[in-house]
Amino acid sequence: MFNRTIRLSPGIYVNEPGALKKLPELINKFVLKSPVILTDQTVLKIIPQYLPTDFLTRYPVEIFNGSCEFAEIDRLTERLKTADGIIAFGGGQLMDTAKVVSDRLNIVLINVQTVPSNCAAFTTKSIVYSPTHEMIASIREKKPVDAVVLEPELLKNASLEYLRSGIGDTLAKYYEIRRRLTDDKMNSLSLSLARDMIERCREKMLKVNDPRSLNGLDLQNFIDTIFLLASLVDGFADLDGRSVAAHTFYNAYVKVIGPGKFTHGEIVALGNLFQVTLEDNSALIKEIRSYYPQVSLPLSLSALGVTKEDQLNSLAEYMAQPDNVRMQSIFPGISPADIRQTLLKLI
């Protein structure tokens, strides 16, 4: 294996008003004869106004079951085996599923993410969950996404929890990954660029206090930061772009508490505060505690429904697992007691 690989994805990126009206041009560009639309019932109701009039009747529509699981990946791989392309509309788990399926079938993938909750549409990586919503695999696709097309107004009008999620998840690029992109690695041009990117992620997000008020170039820049900039960190930094404590907290939370009530980025946002509290970084603790109330991101475990002693213990045990490379590589030998002590500061 190579020591480090730079991955660039997608091949085409568009973020502009009216972009989805021009999807037929992109389909013609890829010379697709039998593409399939992959989406879910919720998204199917909100996207027609942004598309050409007959778009959803022009191509077959396959409905996603709502979770990126191996059973769903297998089902869609079989269902779409005669297609030459996938046009995927939806959120992060649908994007991750579409990437694996298109990779297996080696067909064109056009991703249209409909919520600004994370950068899943871009990356060449998919997180797969068990039926009980526990992360069980991280799959690296062989090929990049062929195109990502974003409609700013559609993303701006997403539910507020998804806008908050995008902010929390994008901020994690800085709060987590700064511990990997350290000064001793800055002789590498690609890693120094990655650190510039995580710093820009932080700078841009901390200026946003009402994403619904953004318009024009400010809105496009907000979306570019969540999608384009955040995904490039993964592409340029490779293993040095891996998450640390914030996403470890997310995985533990979903395992112990369960999914559903809060978005990925809202949970990760509290994970950001957990990491800087674990580090006892007073400046970043103050920064987060000052900013989060402006965008209604959680500052306490109780805000996420964690109130019981046994929940704290289970979270701590899960996060301190010796085989958790993401956590142990930055906090070697960390114990459940260390983690529990930090969690108690976030009650």
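The legends below describe close-up views of one predicted model. Residues are numbered from 1 along each chain as its sequence is written, and side-chain values use heavy atoms, without hydrogens and water. In this predicted model, local features need pLDDT of at least 70 and side-chain atom pairs count only at pLDDT 80 or more, while totals for chains, interfaces and linings use all residues.

**View 1. The largest nonpolar core has 94 residues.** A nonpolar core is a set of buried Ala, Val, Leu, Ile, Met, Phe, Trp, Tyr and Cys residues joined through side-chain atoms within 4.5 Å. Buried means under 20% relative accessible area, exposed over 50%, and partly exposed in between, with a 1.4 Å probe and protein chains only. Ile167, Phe222, Phe249, Ile339 and Leu343 have the most contacts inside this core. Its largest share, ten residues, comes from helix α9 (residues 216–237); helices (H or I, at least four residues) and strands (E, at least two) are DSSP runs, numbered from the N terminus.

**View 2. Isoleucine 339 and its contacts are shown together.** Contact means heavy atoms within 4.5 Å. Leaving aside neighbours within four places in sequence, isoleucine 339 touches Phe274, Ala316, Met319, Ala320, Met327 and Ile334 in this sense. A second, separate core of 22 residues includes Leu56, Tyr59, Phe89 and Val112.

**View 3. The structure holds seven aromatic pairs.** Rings of Phe, Tyr and Trp (its six-membered ring) pair if their centres lie within 6.5 Å; planes under 30 degrees apart count as stacked, over 60 as edge-to-face and the rest as tilted. The rings of phenylalanine 55 and phenylalanine 89 form an edge-to-face pair, because their planes stand at 80 degrees, with centres 6.4 Å apart. This pair links distant parts of the chain, 34 residues apart: phenylalanine 55 belongs to helix α3 (residues 55–58) and phenylalanine 89 to strand β4 (residues 85–90). Both phenylalanine 55 and phenylalanine 89 are buried. Tyrosine 174 and tyrosine 175 also pair edge-to-face, with ring centres 5.6 Å apart and planes at 75 degrees. Tyrosine 174 is buried at 11% relative accessibility, and tyrosine 175 is buried at 1%. Elsewhere, ring pairs link Tyr13, Phe122 and Phe227 into a cluster.

**View 4. Serine 9 and proline 10 are joined by a cis peptide bond.** Omega of this bond is about 5 degrees. Proline 10 is found in the segment before β1 (12–15). Most residues other than glycine have a negative phi, and most peptide bonds are trans.

**View 5. Asparagine 106 and serine 296 have positive phi values.** Phi of asparagine 106 is near 55 degrees, and this residue is found in the loop between α5 (92–105) and β5 (108–113). Asparagine 106 counts as exposed, because its relative accessibility is 62%. Serine 296, with phi of about 60 degrees, lies in the loop between α12 (282–295) and α13 (309–319). Serine 296 is partly exposed, at 48% relative accessible area.

**View 6. The second largest pocket is lined by 15 residues.** On a 1 Å grid over the protein atoms alone, a pocket is an open set of points with protein on both sides within 12 Å along at least five of seven lines, and lining residues have an atom within 4 Å of a point. Arg7, Arg140, Asp238, Leu239 and Arg242 lie nearest the pocket centre. Strand β7 (residues 135–140) gives the most to this lining, with three residues.

Definitions and conventions: 1 Å grid on protein atoms, 1.4 Å probe; cavity = no way out; pocket = protein on both sides within 12 Å on 5 of 7 lines; lining within 4 Å.
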